[in-house]
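Please look through the model below with the sequence at hand. The paragraphs after it go from one part of the chain to another and can be followed residue by residue.

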Amino acid sequence: MNNSDFSRFVWHLSEEFSFLNAAMQGNLPDDFPFDELNEEDAIQEYPVLAAVDTVIYPRLAAPLFIGREISRRALEASQDYDLPLLVVAQRDPTIENPSIEDLYGMGTEIAVGRVLRMPDGTQSLFCHGEVRVEILEVVHERPYLRVLGRRIFEQTEIAEDTESLMRAVLALYEKVVLLSQNIPEEALVAAMNLDDPGWLSDLIASTLTVSVAKRQSVLETLDPVERLRRVSVLLAEELDVLELENQIHEQVQRQMDNSQREYFLREQIRAIQQELGEGDEFNREVVELREQIENSSMPDEVRAKAEKELARLAAMPPMAPETGIVRTYLEWLLELPWQPPEESDNMDIAHAEEVLNAYHYGLDKAKERILEHIAVRKLAAGEMRTPILCFVGPPGTGKTSMGRSIAEALGRKFVRVSLGGVRDEAEIRGHRRTYIGAMPGRIIQTMRTAGVLNPVFMLDEVDKMGFDFRGDPSAALLEVLDPEQNHAFSDHYLDVPYDLSHVFFIATANNPYGIPPALLDRMEVIEFPGYADFEKNLIARKFIIPRLLKEHGLQDYGLHFSPETIDYIINNYTYEAGVRNLERELASICRKIARRVAEGKRARRRITPDVVHEFLGPVRYIQNRIEEEDQVGVATSLAWTEAGGDLMQVEVMIMPGKGSLLLTGQLGEVMQESAQAALSYARAHLADYGVSEDFDIDKVDIHIHVPEGAIPKDGPSAGVTLVTALISALTNRPVRREVGMTGEITLRGRVLPIGGLKEKLLTAHRGGLKQVIIPQGNEKDLVDVPRHIRRALDIKLVSHVEQVLALALLEG
C-alpha cells in the first residue's frame, strides 16, 4: 500500500465510522438517499462501477474514486435513468477497460451521497452499501457496463453459539486493533455495538488490510454465521502477523535503546577521561600511530597515503569491521624499512676473501664475482647498481650456504624465500585489500623480517615455480629482478611503490632450462659445478667433519677419519655431484659413535675402510660401472642430470624383421630424433664400414634400448653414442669398454658441441673410464675441468663421426 492508497484508506475509515455512529444515533441528514428496498423488487438492472482494490459491503459507508471514462458514463446513466449503481471488484487491477469476465460475480448496490470533483480531474463519491447483488446476465458492455442483477437479503436468527462466536471474534478484533496502527479505535467501538453477525463480519472485513480476493470471499459468503467464521480466520492470521511485527519492532527498539544507552555511557566516559587528562584506548592508539608516522622515515608519497588511512581510521567507530583492516595496513607501512642504513657495506676485500674461503672450498667464479663487486663498490662510492646473481648447479654444491657467506662478507643481513612449488602470482605481489585476510606478497613479508632495506635476499629454487589460472609468479618476478624497475616495486596490498634497488638478490636453481628466458636474461648466471672426488675429500676433512664432531659432542673424543676412509665412503655409499649425501653418511657414523660413548661402551676412535660397513651397512653403489669386457652393440654415453653427471649405456640389437626401428628406455622426443638421425647416417654409410652388399637393412628390425627405463632421458648429446652402437651392431665390431663419449651429430656426420662438460668428465673419472671422446667445439670448456681430471683421462677431440668410430670400435 503506497502513501496515496493509505491516506484514502484512512479517510474511508473515518467517513465510514462517522456515518455509522450517526446512523446508530438517528442523526443522518434527511436528504441522504436511502432506498427502501423490498423483496418484490429483487431483480433489477444496474450500471456497473468496476472498483480497483476496493470491496464495498452492505450497510457500510465508503468513498469511491472515479477516473475512467467507462465509470463516469455508468455514474451518469444512474443519474439520468434513476437506476441504482452496482459496485463490483475488479479481478486484475491493471486492466484499464474491464469486461464482465474481468469482474467478480457479486457486488454491492450502493446509494450515492455526494459527488466531489477533484483537482486531478477524478470524481470522489461518498456512498453507502445497500445490499448484496448477484450478477445474472449482461445487458450491454459499451459505452458502459450494464447488467441484470438479483438482490440478496439476509435474515438471521441469533443462536447461543452465534453469540459466543461473536464474542470470540470481538476479542480477536480487539487484539488486532490494539496492535495495528491502521485501524482506529472507533472501529472497535462500532463493532462492539453491533448485534448482527453479518453486519459485524462485514464491518471487520472492511477494516482489515487483506487482499481483494479475501475481502471478496467474505462478500460472497451469504450465510452470516459462516461469514463470521471466515472473518475469525482472517483475524487470527492478521493477529499472527501483527504479533510478529510487534515482536520485531520491540526487538529493534530494544537494540536501539541499548545502542543509544551504550553511546551515551561511552560519551560520558570519554568526557570524564578528557577531564582527567586520559583518552580511551582507541584514541590512544590513533595518537600513537600518528606519532609513529611522523617519526618514520617514509617517503612523502607513502607518508601521505598513511596519513589518509589514519584519518579514515580516526573517523571509524572502534567496533567497525574495517577498523582492523586499516590498522593492520598502517602497521605494515610502519614496520617496513624505507631508508637504507647509514652504515655502508664492509669494503674490506681481504676480510671478504677470508670469510668466503673459510666456509667454502673451490667455487672460484662465485668468490671472484663477489670480490669484484666489493672492489667496484669501494671505488665507485655507491654509484654501482647492486648485481642480481643466479647460482646454477646440482643439489648439495653450496649455493644456499654461499649466499650466507656473501651476507657475512658484506656485513649485511641474510634472508631467504623458497619459491619451489609457488603457483600463484599473489605469492609475489600480494592480495588487494578488498579480499578478506589479504596480505602482502613474500617479497614484502621477507623485507619486513629483514628490517633493513639492503639485505642479501636469496630466492631459492627459482626454477621450480609453476603457473596456473591464478597467474604466473615468474612473470611477477620480472619487476623484482629488473634494476630498471625494482626501485618502485608495486605490491597489490601496499598499493605504494617500494624500493628494492638496494637489495642484493641471489637466485638459485638446479636446472637453468626451467627458468623462463625473460627472467634468466635479468640475472647473471654463475655455475656451481659438481665436485671431483678429491675435492669432496678435502671438503669433508676441512669443513664437514669438524662441524659434525662439534654438533655431536665428539670434538674432544679424538674421532678420526682417514682420507682413504672418506674416499671409500664417496665411491661406495654416495653417487652425487655435491656433498649432501656424504655429510649424511658421515653424520650417521658420528651418531653411532656418540651413542656408544654416551652409554659408556667402548667405541672406535679411528674409522678405516675395513670398518665402514659396521656403521653404514653393505656397499650401496658399484664403484666401477663400465662393462667387464668389450661388447658388440653396447656403447657408453656421458649424460648430464640435475644431480650432476652420469654414465649411460646404449644397447643396440639387430634381428630379422621388416626394417622398423624400436626405441625403449623412456626416451624423450629430442633423443628419439637423435636415434633417427644416427640410423639415417648408418644406413647411408654401411658400405664404408665393410658391410656386405648382400645385407638388406629393410629385412631386419633394429632395437635401441637405454637401461634404467624408469628414468626419463632426453637431449641430443647421445648422438655419437647411438651411431657408434648402431655401426658396432651392424658391422659386428666390439666397442672399447673403457671409452665414453658425448656429442650431437648431424646427418652429414658432423659432431656438434654439448653442455655440462665438466660434470660429464667428472662422472667419467668417477666411473672408471680411461678415454673420453668429446666434440672439438668443447675444447674451450676444458679450462673449467680440474687439472688432475684432465691428466687422468685421455680426452680426444673430434669433429666427425668417422673419428669417433676409429677411436671407439675394435677390429671385428
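In this predicted model, Ala-366, Lys-367, Ile-370, His-373 and Ile-374 of helix 12 meet Met-402, Ile-406 and Leu-410 of helix 13. Two packed helices are described by the angle between their axes and the distance between the axes. For helix 12, which covers residues 364-380, and helix 13, which covers residues 399-410, the angle is about 25 degrees and the axes are 12 Å apart. Because angles under 35 degrees count as roughly parallel, helix 12 is described as roughly parallel to helix 13. The crossing of helix 12 and helix 13 is right-handed.

The crossing of helix 18 and helix 20 is right-handed. On the side of helix 18, the contact is made by Lys-536, Ala-540, Ile-544, Ile-545, Arg-547, Leu-548 and Leu-549, while helix 20 contributes Leu-582, Glu-583, Leu-586, Ala-587 and Cys-590.

An open sheet is formed by 5 strands in the order 8-9-12-7-13, and the pairing is parallel. Strand 8 (414-418) and strand 13 (524-527) are the edge strands, each of them pairing on one side only. From one strand to the next, the twist averages 25 degrees. Within this sheet, strand 9 (residues 456-460) and strand 12 (residues 504-509) run parallel and are joined by 4 bridges; Leu-459 has Ala-507 in strand 12 as its bridge partner.

Some details of the backbone deserve a separate look. Most residues other than glycine have a negative phi, and most peptide bonds are trans. Against that background, the peptide bond from Arg-142 to Pro-143 is cis, with omega near 10 degrees, and Pro-143 sits in the loop between strand 5 (123-140) and strand 6 (146-152). Gln-666, although not a glycine, has a positive phi of about 55 degrees; this residue belongs to the loop between strand 19 (661-664) and helix 22 (669-684), and because its relative accessibility is 42%, Gln-666 counts as partly exposed. Asn-732, likewise a residue other than glycine, has a positive phi near 60 degrees. Asn-732 is found in the loop between helix 23 (719-731) and strand 21 (734-735), and with a relative accessible area of 53% it is exposed.

Another loop residue, Gly-690, is placed between helix 22 and strand 20 (700-705), where its relative accessibility of 67% means that Gly-690 counts as exposed. Although Gly-690 and Thr-731 are 41 residues apart along the chain, their C-alpha atoms are separated by 7.0 Å.

The last stop concerns cysteines. A disulfide is a covalent bond between the sulfur atoms of two cysteines. How many disulfides does the structure hold? The number is 0. Are Cys-127 and Cys-390 buried or exposed? Because its relative accessibility is 0%, Cys-127 counts as buried, and Cys-390, with a relative accessible area of 0%, is buried as well.

Conventions: Residues numbered from 1 in each chain as written. Predicted model: local features only at pLDDT ≥ 70, side-chain atom pairs only at ≥ 80, totals over all residues. Heavy atoms only, no water. Disulfide = S-S within 2.5 Å. Buried < 20%, exposed > 50% of the residue type's maximum accessible area, 1.4 Å probe, protein only. Pairing = 2+ DSSP bridges. Helix = DSSP H or I, 4+ residues; strand = E, 2+ residues; numbered from the N terminus. Axes fitted to C-alpha atoms, helices over the stretch in contact; angles between N-to-C directions. Left-handed = near helix turned anticlockwise from the far one by under 90°. Contact = heavy atoms within 4.5 Å. Parallel < 35°, antiparallel > 145°, perpendicular 65-115°, else oblique.
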